[in-house]
Amino acid sequence: MTKLLIADNHPIIRKGLELLFSASSSIEIVGSVDDGEAILEFIKKTPVDIILTEVNFPKLNGLTVLRHLKTEYPDIKTIIFSGEPEEVYAINAIKAGASGYVSKSVNIITISEAIMKVAEGGIYLSNELTQQLAFGTKMNRSGRFYKKLSTREAEVLKLLTIGRKNKEISKELDINEKTVSTYKARLMRKLKVTNLVDLVNQAKLRTAEL
């Protein structure tokens with residue numbers, strides 16, 4: 001039986017997933033936590049096969065957690081379960097170490113299918129994104145932009161858009177403030193802006209276009 005840890009900062013979502021999988025014969029919910037730091041604490045004490053996790057946390061964002069897991073717990077697989085547009089974060093999540101990306105708009109059958117596919121060693125993405133990647137079908141302007149970002153650039157941009165300061169980003173990503181400033185400068189060049197306010201506004205606008 002696949003041991004699943006649920007991580008989401010919304011208690012209703014956590015409880016709903018627990019209830020949905022309570023009768024499953026192949027998936028066992030071993031726990032649920034509400035932020036990235038709690039994920040790392042939980043897996044120190046309890047065996048986990050797969051983590052179904054949100055990417056947006058007030059403490060330690062999901063992409064940063066993926067980096068820790070990839071280095072320290074390579075046998076634990078992770079599926080990002082998020083309301084964020086797949087075209088924005090899915091590819092960078094996979095690059096960071098995730099084994100799947102599932103939108104919160106899908107049904108319970110799709111969630112179960114994603115978990116079982118990952119448990120069997122596969123990678124789960126939606127059929128639409130899989131076809132775009134496999135056949136080079138047209139991706140909109142915003143999707144193409146986010147695809148060009150490195151995983152670290154995506155992390156920094158994500159934290160900037162939710163109001164994190166350089167010092168906070170430095171601490172969360174375990175990099176120095178000068179490096180954060182370097183990533184900000186790269187992002188400004190890519191988005192063709194000259195200040196932080198415009199950078200954040202452009203990032204939000206491109207996300208809204210998806």
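**Entry 1: two helix pairs**

I began with helices H2 and H3, whose crossing is right-handed; the convention I used calls a crossing left-handed if the near helix is turned anticlockwise from the far one by less than a right angle, and right-handed if clockwise. H2 covers residues 36-45 and H3 covers residues 62-72, and the two pack at an angle of about 20 degrees with their axes 9 Å apart. That angle makes H2 roughly parallel to H3, given that angles under 35 degrees count as roughly parallel, over 145 as roughly antiparallel, 65 to 115 as roughly perpendicular and the rest as oblique. For the contact (heavy atoms within 4.5 Å) I noted Gly-36, Ile-39, Leu-40 and Ile-43 on H2, and Val-65, His-68 and Leu-69 on H3.

The model is a predicted one, in which local features need pLDDT of at least 70 and side-chain atom pairs count only at pLDDT 80 or more, while totals for chains, interfaces and linings use all residues. Residues are numbered from 1 along each chain as its sequence is written, and side-chain values use heavy atoms, with hydrogens and water left out.

I then looked up H8 (residues 151-161) and H9 (residues 166-173), which pack at an angle of about 135 degrees with their axes 10 Å apart, and are therefore oblique to each other. Axes here are lines fitted to C-alpha atoms, for helices over the stretch in contact, and angles run from 0 to 180 degrees between N-to-C directions. H8 passes H9 in a right-handed crossing, and the contact involves Arg-152, Glu-155, Val-156, Leu-159 and Leu-160 from H8 with Ile-169, Glu-172 and Leu-173 from H9.

**Entry 2: the sheet**

I counted elements next: the protein chain has 11 helices and 5 strands, taken as DSSP runs numbered from the N terminus (helices H or I, at least four residues; strands E, at least two). The 5 strands form an open sheet with parallel pairing, in the order S2-S1-S3-S4-S5, where two strands pair if DSSP finds at least two bridges between them. At the edges I found S2 (27-33) and S5 (100-103), each of which pairs on one side only, and the twist from one strand to the next averages 25 degrees. S1 (residues 2-7) and S2 pair in the parallel sense over 6 bridges, and Lys-3 has Glu-28 in S2 as its bridge partner. Helix H1 (residues 11-21) packs on this sheet, touching S1, S2, S3 (50-53) and S4 (77-82), and its direction makes about 165 degrees with that of S2.

**Entry 3: single residues**

Ala-98 sits in the loop between helix H4 (86-96) and S5, and with a relative accessible area of 4% it is buried; buried means under 20% relative accessible area, exposed over 50% and partly exposed in between, with a 1.4 Å probe and protein chains only. Leaving aside residues up to four places away in sequence, Ala-98 touches Leu-66, Thr-78, Ile-80, Ala-93 and Ile-123. Ile-80 is 18 residues from Ala-98 in sequence, and their C-alpha atoms are 6.9 Å apart.

I also checked backbone angles, since most residues other than glycine have a negative phi. Asp-174, which is not a glycine, has a positive phi of about 60 degrees; Asp-174 lies in the loop between H9 and helix H10 (177-191) and counts as exposed at 71% relative accessibility. Lys-192 likewise has a positive phi, near 60 degrees, in the loop between H10 and helix H11 (196-209), and it counts as exposed at 75% relative accessibility.
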